[in-house]
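Here's a two-chain walk-through for you. Keep the viewer open and follow along.

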Amino acid sequence: MIRVILPTHLWRLAKVDREISLELNGAATLGAVLDALEQQYPMLRGTIRDHATRERRPFIRFFIAGEDWSFEPWDKPLPDSIVTGAEPLRIVGAMAGG
Amino acid sequence: MSTIRVLVGTRKGGFILTSDAGRKEWKVEGPFFPGWEIYHIKGSPVNPDRIYASQTSGWFGQVIQRSDDGGKTWEPVGNEFSYNGVTATHQWFDGSQHPWEFARVWYLEPSLTDPETVYAGVEDAALFRSRDGGMTWEELSGLREVKGSLWQPGAGGLCLHTILQDPADPNRLYIAISAAGAFRSDDGGETWRPINNGLQSPFELPDPEAEVGHCVHNIALHPSRPNVLFMQKHWDVMRSDNAGDSWYEVSGNLPTDFGFPIAVHSHEPETVYVVPIKSDSEHYPPDGRLRVFRSRTGGNEWEALTDGLPQSNCYVNILRSAMAVDTLDPCGVYFGTTGGQVYVSPDAGDHWLPIVHDLPPVLSVEVQTLP
C-alpha cells in the first residue's frame, strides 16, 4: 500500500482527504503510482501530467524520501520506505508567483 | 415570481448571486472551487439547472465542472482538449511560427436546444464541442484552417473568447478571437469564413483592413434579430446588419471607443451597452469615472449612465465576458470589475447598485432568469 499526499487543490478536486492510499499491481515506480492514481481518480488526469505528452506539468513536483524526484525517469524503482508505506510520496504544487 | 441567478467567475473562485425579481436583496454563495481561476460559468438555456464552469490553474491545468442542480453541487467532467489533425502553427510575438498549445478554456456556450451539447472556446484559439454533457470534447478544426497561420496572440493570449449561436438557424455560429477577428459558420461549425470586412486596425496591423488579425474583444446580438451584430473591437464599436458580411462603425459620441464587453438590452434590439476604457495602454475608465454608455439608436448616439457608479478615483477594468443582461421587464444589466465589484441595474441602466464590493477580480458574469 503506497501512501500519497496530494496538494490542496487536487485533493479537493478528487473529493478525498489530503492523504490517500494506492495498491500497485506491478513494479513500484513513480509512473505506476501516477497511473494508479489517475485510474482511481479520473478527474486528476491532466492535472499532474499533461494529457497529450504525459509529461509532468511544469509547476508540479514529486518529493520522495527527502529527495526531489521531479526529474527522475518514470520507471525508476521507488525506495522501500515508500513501497512499505512507512512514509508518503508527496505531490507538490511548486512555489511560484509572489 | 422570477428568480435571478448571477454566475460570476473570478481569479480565485466562482460565486453565485441570487435575488428575486426586485433585484435589491442578494444572497451571495461561494467561493466555489476556491483558489482556482474560474474563467466562465454559464447555464443551459434548455435546462437552467445544468451549469458548466471552466476551472483553470497555471499549476494544475484545466478542469471542467458541471452542475445539474443549479450550482448546489458540482462534478468534474472531461478536461481533455486535443487539437485535431496536424498540429498547425500560428504567429508568435516575435513574428515566428509557433505550434498550437492548449492553455485553458475561456468561454463555455451551452447549446440553445440540447443540454448535452456545449461549445468551448480555448487558448490557443480553437473551438471544441461536447455532445455528452462535457464528458468528451472534439475540436471543430475547420476554424483553424481559415488562415490560422496569420493569427497572433493578444496580450491575454491567443484566445477564442466569444461564441454566439443564431437562435433562428441552428447551423449558424459566430466566434471571435484575439487577435484573429470574427468568424462565422453556416454548417454547424464544420467550415468557417472570416467576417471582418469593414474593420479597421491601423495601429495594430500593417494592412488595416486585413482579412484576419483584428483584435475583436466581444460580439453581441439580440435573439429576435440575429443578423444584426454589435462588436466592441480593441478600438471602435462596430455594427453589422448582414450577419457579419460587412461592418460599420457606431462609436459616435463615446468618450473613447476602446473597451471590452458589449451587451444588448433583452427587449430592445436597438439598445446597446458598452463600458468605455481609456486606451489600450491604460485599462481603466477615462477620468477615473466608471460610466456605462447606452445607445437606444443601435449605436452612434450614446448616453452616460452614472447613477450609483463611482465618479471619482475609479481605476478598475471590465473584462470582455463580464457584462450580461437578464430577461425581466425592465431589463436588468450586470457587470463585474477587476476590483471585485459586481453591479446591477434593475432598470436598464438608469440606476446602479453594487451587489458585492470585494470579490477577487471578476473575469465573467452571466445571468439566468428563472421562472
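Predicted model: local features only at pLDDT ≥ 70, side-chain atom pairs only at ≥ 80, totals over all residues.

Residues are numbered from 1 along each chain as its sequence is written, and chains are lettered from A and ligands numbered from 1 in the order in which they are written.

On to confidence, then. The score is pLDDT, the predictor's confidence in each residue, from 0 to 100. Chain A averages 95, and 98% of its residues score at least 70. The element names come from DSSP runs, numbered from the N terminus: helices are H or I with at least four residues, strands are E with at least two.

Now for the place where the chains meet. Twelve residues of chain A are in contact with 13 residues of chain B, where contact is C-beta atoms, placed from the backbone, within 7 Å. On the chain A side, helix H1 (residues 8-14) gives the most, with three residues. Sorted by class, that side of chain A has six nonpolar, five polar and one charged residues. Here Ala, Val, Leu, Ile, Met, Phe, Trp, Tyr, Cys and Pro count as nonpolar, Asp, Glu, Lys and Arg as charged, and the others, Gly among them, as polar.

Seven of its eight residues are buried, so E1(B) is largely enclosed by the rest of the structure; buried takes 20 or more other C-beta atoms within 10 Å of a residue's own, exposed 12 or fewer, and partly exposed lies in between, with C-beta atoms placed from the backbone. E1(B) runs antiparallel to strand E30 (residues 362-370) of chain B, joined by eight bridges, and Ile4(B) has Thr369(B) as its bridge partner there. Strands count as paired if DSSP finds at least two bridges between them. Eight bridges also join E1(B) to E2(B), again antiparallel, with Val8(B) opposite Phe15(B). A hairpin of two residues links E1(B) to E2(B).

Carry on past E2(B) and you reach Ala21(B), in the loop between strand E2 (13-20) and strand E3 (27-32). Ala21(B) counts as partly exposed because it has 16 C-beta neighbours inside 10 Å. Leaving aside neighbours within four places in sequence, Ala21(B) is in contact with Met1(B), Ser2(B) and Leu328(B).

Next come two open sheets of chain B. One has four strands in the order E4-E5-E6-E7, with antiparallel pairing. Strand E4 (37-43) and strand E7 (75-76) stand at its edges, each with a single partner strand, so one side of each has no neighbour in the sheet. E4(B) pairs with strand E5 (residues 51-57) of chain B over six bridges, and Ile38(B) stands opposite Gln55(B).

The other open sheet runs E22-E23-E24-E25, also in antiparallel pairing. Its edges are strand E22 (262-264) and strand E25 (303-305), each with a single partner strand, so one side of each is left without a neighbour in the sheet. Inside this sheet, three bridges join strand E23 (residues 272-274) to strand E24 (residues 292-295) of chain B, and Val274(B) stands opposite Phe293(B).

Conventions: Contact = placed C-beta atoms within 7 Å.
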